Amino acid sequence: MPSILFVCLGNICRSPMAEGALRAEAARLKLDLIVDSAGTGNWHAGEPPDERAQRTARRNGVDISGLRARQVTKADFRRFTHIVALDHENLANLRKLAPADGAAELSLLLDHVPGREGQAVTDPWFGDEAGFDVTWSEVTAAARSLAAMARR
Ligand code: 4NP
């Protein structure tokens, strides 16, 4: 069964939104899919998603209030079939952390969106709430193609 871990820096803005979007898409398609998220940093471990991320998801019918931030671990590379980084810095840090026996396939989130390959999901943390809408549209586009991939 495919299992997908989304990874950003804090695990309170971008990756929990990606997790919520893919969980919703998997539920809609009745797909059996393991979905989780984590951060390369640990400053926000144990915290729920940023209020702005929660509101943006809720406006789009997805409840991410129950998620709690955690830091990515080496075990994640053995547990997940796919690890999807939200930007290049997090992807580079994942490559450094990957254990030799970690089989997880690494990619950027926007590699899964036709025409956006190689691009980063900008961190909305420092901006206003409109930035979170941009993030939501990016993670939902990726969630659709990841769900389609998992279905095959
Ligand atoms: P995220 O956003 O990586 O999308 O969860 C961030 C949230 C918090 C911080 C950085 C990025 N921070 O530095 O506290």
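Among contacts in the protein between residues at least 6 apart in sequence, what percentage join residues at least 24 apart? The share is 69%, where a contact means heavy atoms within 4.5 Å. This is a predicted model, in which local features need pLDDT of at least 70 and side-chain atom pairs count only at pLDDT 80 or more, whereas totals for chains, interfaces and linings use all residues. Residues are numbered from 1 along each chain as its sequence is written, and side-chain values use heavy atoms, with hydrogens and water left out.

**Fold and dimensions**

- The protein has five helices and four strands, which follow the order β-α-β-α-α-β-α-β-α from the N terminus on; helices (H or I, at least four residues) and strands (E, at least two) are DSSP runs, numbered from the N terminus.
- The radius of gyration, taken over C-alpha atoms, is 14 Å, close to the 15 Å that the globule rule gives for 152 residues, so the protein is as compact as a globular protein of that length; the rule itself is 2.2 Å times the number of residues to the power 0.38.
- The C-alpha trace spans about 40 × 35 × 30 Å along its principal axes.

**Surface and burial**

- The accessible surface of the protein comes to about 7,300 Å², and 52% of it belongs to carbon and sulfur atoms, with areas from the Shrake-Rupley method and a 1.4 Å probe, only the protein chains shown counting as cover for residues.
- Of the 152 residues, 50% are buried, a term that means under 20% relative accessible area, as against exposed at over 50% and partly exposed in between (1.4 Å probe, protein chains only).

**Nonpolar cores**

- A nonpolar core is a set of buried Ala, Val, Leu, Ile, Met, Phe, Trp, Tyr and Cys residues joined through side-chain atoms within 4.5 Å; the largest holds 33 residues, of which Phe6, Leu22, Leu109 and Val139 touch the most other members.
- Two or more residues of this core come from each of β1 (3-8), α1 (14-28), α2 (51-59) and α5 (129-151), and α5 gives the largest share, eight residues.
- Apart from this core lies another, of 13 residues, including Phe77, Ile83, Ala85 and Leu91.
- Not counting residues up to four places away in sequence, Phe6 touches a set of residues including Leu22, Val35, Leu86, Leu109 and Leu146.

**Cysteines**

- With a disulfide taken as a pair of cysteine sulfur atoms within 2.5 Å, the count comes to zero.
- Cysteine 8 is in no disulfide, and the nearest cysteine sulfur, that of cysteine 13, is 7.0 Å away.
- Cysteine 8 is buried at a relative accessible area of 2%, and cysteine 13 is buried at 5%.
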